[in-house]
Amino acid sequence: NQKNIKNIICYSNEGDKWKKSDIKFTNNTLMIKFRDAFLPRRGRVNCSLNDGGKWRWFGTQFIVSKKLN
């Protein structure tokens, strides 16, 4: 029901560099295209939206394991 959801901005730290994410909406689903692989230890995605002067924020952190040979 968020009227201005397409104004959302997301940032992620893949490749150990914080940059604005390439996002796309399809059938009311937000998709993030990552630029590079996340480095081992942890990855993070932060999204924010200015909703009429009030900020809405979502962030998630996840564990990135070292690739096993």
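**Figure 1. Residue I23 in strand β3.** I23 sits in strand β3, which covers residues 22-26; strands (E, at least two residues) and helices (H or I, at least four) are DSSP runs, numbered from the N terminus. The model shown is predicted: local features need pLDDT of at least 70, side-chain atom pairs count only at pLDDT 80 or more, and totals for chains, interfaces and linings use all residues. Residues are numbered from 1 along each chain as its sequence is written, and side-chain values use heavy atoms, with hydrogens and water left out. The relative accessible area of I23 is 24%, so I23 is partly exposed (buried means under 20%, exposed over 50%, partly exposed in between, with a 1.4 Å probe and protein chains only). Apart from neighbours within four places in sequence, I23 is in contact (heavy atoms within 4.5 Å) with I8, C10, L30, M31 and I32. R35 is 12 residues from I23 along the chain, and their C-alpha atoms are separated by 11 Å.

**Figure 2. Residue S48 in strand β5.** S48 is part of strand β5. With 24% relative accessibility, S48 counts as partly exposed. Not counting residues up to four places away in sequence, S48 touches N7, I8 and I9, and also W55, R56 and W57. Between S48 and I23 there are 13 Å in space, C-alpha to C-alpha, and 25 residues in sequence.

**Figure 3. The salt bridge of E14 and R35.** A salt bridge joins the side chains of E14 and R35, at 3.2 Å from N to O. The pair links distant parts of the chain, 21 residues apart: E14 lies in the loop between β1 (9-12) and β2 (19-20), and R35 in the loop between β4 (29-33) and β5 (41-51). The term salt bridge stands for a side-chain nitrogen of Lys or Arg within 4 Å of a carboxyl oxygen of Asp or Glu. E14 is buried, at a relative accessible area of 2%, whereas R35 is partly exposed, at 38%.

**Figure 4. The salt bridge of D51 and R56.** D51 and R56 form a salt bridge in which the closest N and O atoms are 2.8 Å apart. D51 is partly exposed, with a relative accessible area of 24%. R56 also counts as partly exposed, at 45% relative accessibility. By the rule used here, the count of salt bridges comes to two.

**Figure 5. Residue N4 before the strands.** N4 is found in the segment before β1. Its relative accessibility is 19%, so N4 counts as buried. Leaving aside neighbours within four places in sequence, N4 is in contact with L49, N50 and D51.

**Figure 6. The whole chain, for orientation.** The protein has six strands and zero helices, and along the sequence the pattern reads β-β-β-β-β-β. Its C-alpha atoms fill a box of roughly 50 × 25 × 20 Å, taken along the principal axes. Of the 69 residues, 20% count as buried. Among contacts with a separation of 6 or more, 32% come from residues 24 or more positions apart.
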